[in-house]
Amino acid sequence: MLEKEDSPEPVRELMRVLRQLSDAGSAQPALFPDDAVSAGELVRDFEQRAQVVREACDDELSPAQIESLTALENKLSTMARDGAEFDADIWTDEAVRTSEHWAEVRALAAAALDEFSDSKG
């Protein structure tokens, strides 16, 4: 299992994105509004970071870490299917703040972050 202290750069970057996803839509205003990213950008960033971690560190990930990434990937994949289950409104700032689907994304991202932050194994 990857531990917090010895996390390679791809894992630290993944944890940064997981933190952003777990905070997405929070009521707290951004400290740096110019650095704010859209929901779609967050999802793309997560997908890219998760892929890099899976390719670079897959043999070092715990089953719980893999499971937490997979759960979040599956939820976002379901939401991203154009028109299949959700309409384009799911990607608005309002939906990120109020949608039960984004609440689930936040919870899954927080759970994944916990798995990657846990240095006890």
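The protein chain has a mean pLDDT of 82, and 79% of its residues reach 70 or more; pLDDT is the predictor's confidence in each residue, from 0 to 100. This is a predicted model, in which local features need pLDDT of at least 70 and side-chain atom pairs count only at pLDDT 80 or more, while totals for chains, interfaces and linings use all residues. Residues are numbered from 1 along each chain as its sequence is written, and side-chain values use heavy atoms, with hydrogens and water left out.

**Confidence along the chain**
- Among the elements, α5 has the highest mean pLDDT (95) and α4 the lowest (88).
- Over residues 1–5, pLDDT stays under 50, and the model has 17 contacts beyond four places in sequence for them; a contact means heavy atoms within 4.5 Å.

**Overall fold**
- The secondary structure consists of five helices and zero strands; helices (H or I, at least four residues) and strands (E, at least two) are DSSP runs, numbered from the N terminus.
- Of the 121 residues, 35% count as buried, where buried means under 20% relative accessible area, exposed over 50%, and partly exposed in between (1.4 Å probe, protein chains only).
- Among contacts between residues at least 6 apart in sequence, 74% join residues at least 24 apart.

**Helix α2**
- Helix α2 covers residues 39–57, and its 19 residues reach 26 Å from first C-alpha to last, close to the 27 Å expected at 1.5 Å a residue; the expected span is 1.5 Å times one less than the number of residues.
- The buried residues of α2 include L42, V43, F46 and V53, and their cover includes α1 (9–23), α3, α4 and α5.

**The aromatic pair**
- A search of the whole structure finds one aromatic pair; rings of Phe, Tyr and Trp (its six-membered ring) pair if their centres lie within 6.5 Å, and planes under 30 degrees apart count as stacked, over 60 as edge-to-face and the rest as tilted.
- The pair is edge-to-face because the rings of W91 and W102 have centres 5.7 Å apart and planes at 80 degrees.
- W91 is partly exposed, at 26% relative accessible area, whereas W102 is buried, at 0%.

**Arginine 106**
- R106 belongs to helix α5 (residues 100–117).
- R106 is buried yet has no salt bridge, and D23, the nearest side chain of opposite charge, is 7.9 Å away.
- A salt bridge is a side-chain nitrogen of Lys or Arg within 4 Å of a carboxyl oxygen of Asp or Glu; Lys and Arg count as positive and Asp and Glu as negative, with His and the chain ends not counted.
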